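Today I open my notebook to look up aromatic rings and their neighbours. Come along and check each entry as I go.

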Amino acid sequence: MNVLLKSAKICCPEDKNLHQKKRDILIKNGLIEKIAAKIVAPKNVKEIKLNNLHVSKGWFDTSVSFGEPGYEERETIANGLDVAGKSGFTDVLLNANTNPLPNTGSEIVFLKERGTNSATKLHPYGALSVLCKSEALAELFDMQKSGAVAFYDYNVPVHNGNLLKIALQYVQNFDGLVCSFPEDMSIKGKGMVNEGEVATKLGLKGSPALAEELQIARDLFILEYTGGKLHIPTVSSSGSVKLIADAKKKGLDVTASVTLYNICLTDAALESFDTSFKVRPPLRTKKDTTALLRGLRNGTIDFVTTDHRPMDIEEKRVEFDNAAYGSIGLETAFGALHQLTTDLDETIDYLTKGRKRFGIDNPIIKEGLPANLTLFDPDVSYSFEPAHILSRSKNTIFMGHQMKGTVYGIINDGKLNLNVQ
């Protein structure tokens, strides 16, 4: 793949000589050959001119679900990665929620092989416990050797505290990373939305923030006892932010992520009874969204994730009590986040952080290095509508939401994936 990007404004705060400069970028055989004010396109090089073109290093998402194998009707790996690329992501972490679940090295190899032809690189999680039942550890070392980036029973709490303790101790032998979904099921019970005024008003079963915070407190106590590395995905309450901040002050090796919808929306959205808003963790209050965004900005929370989770229409077009959890999020990631932050450098920072934590090389925009780039226009404003959905499943929490910025696509691994005609 040989291309020449014309008049691209480069977003690269770590390089003051390039940041916010308009440059032509020549890419040959997947490598950045030249960056200059003006480059004449050599023969056999595709010239790309796009309106208000901006370029940053490729974006990264720490929590994506597709479906394949087992739930291909929701999404396939090939189309899911195509959607990710057209949404600006050059690397995504694939959750362990398929059928069969990735418990062994061979299943990790299968997932990686299914993603080899895409411009977006797939990095699979391995299940932490066999069949995600929190009874026995899965084959962690074997999976890490086969390419698993961390171990996570997606959206399934590790109810067995001793198993978490053993896992944190065991993975220290090979520098592994353990993830623990923050939810105490005995407290959550049958709750499906945030416990509070909105749930009471609508007659929906509430799940208190206490369910999340108790689990986080337990996990942090175990981490302090064992050592090791812990990642707490998709926190959603102000109390959780405080617990994580206190743990970091103690020097514990812990990171945390927040979903985009948990910093953009509150449980007030539930008043429509639209099952698109049934997500896990649930939408909470304005106090929580404020604390989560503050925690993200001061570094207490490390990463933003789309928590992209496709679901069949049959799983969503039912009574609220019976509807499945989840929302797609790749297509709305940039527009919703940039609408929230309004600061481009801040938006790009959130979209590019996290690779180091999961042992993935961090791309650099520099001559002679591989091109791992996202192409976008940060200034377009629009309302997100069905025509903007690229996924097979259409369950989006951001339908009708005001967006700022659109994505043209990516260049990565010697491949070009553009969302333009």
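**Ground rules.** I am working with a predicted model, where local features need pLDDT of at least 70, side-chain atom pairs count only at pLDDT 80 or more, and totals for chains, interfaces and linings use all residues. I number residues from 1 along each chain as its sequence is written, and side-chain values use heavy atoms, with hydrogens and water left out.

**Ring pairs.** I searched the whole structure and found twelve aromatic pairs. Rings of Phe, Tyr and Trp (its six-membered ring) pair if their centres lie within 6.5 Å; planes under 30 degrees apart are stacked, over 60 edge-to-face, the rest tilted.

**Tyr125 and Tyr152.** I noted this pair as edge-to-face, with 5.5 Å between centres and 70 degrees between planes. Tyr125 is in the loop between β8 (121-124) and α3 (140-146), and Tyr152 is in the loop between α3 and α4 (161-170), so the pair ties together parts 27 residues apart in sequence. Helices (H or I, at least four residues) and strands (E, at least two) are DSSP runs, numbered from the N terminus. Tyr125 is buried at 1% relative accessible area, and Tyr152 is buried at 2%. Buried means under 20%, exposed over 50%, partly exposed in between (1.4 Å probe, protein chains only).

**Phe303 and Phe358.** I found these ring centres 6.2 Å apart with planes at 50 degrees, so the pair is tilted. Both Phe303 and Phe358 are buried.

**Cluster.** I saw ring pairs link Phe60, Tyr125, Tyr152, Tyr154, Phe303 and Phe358 into a cluster.
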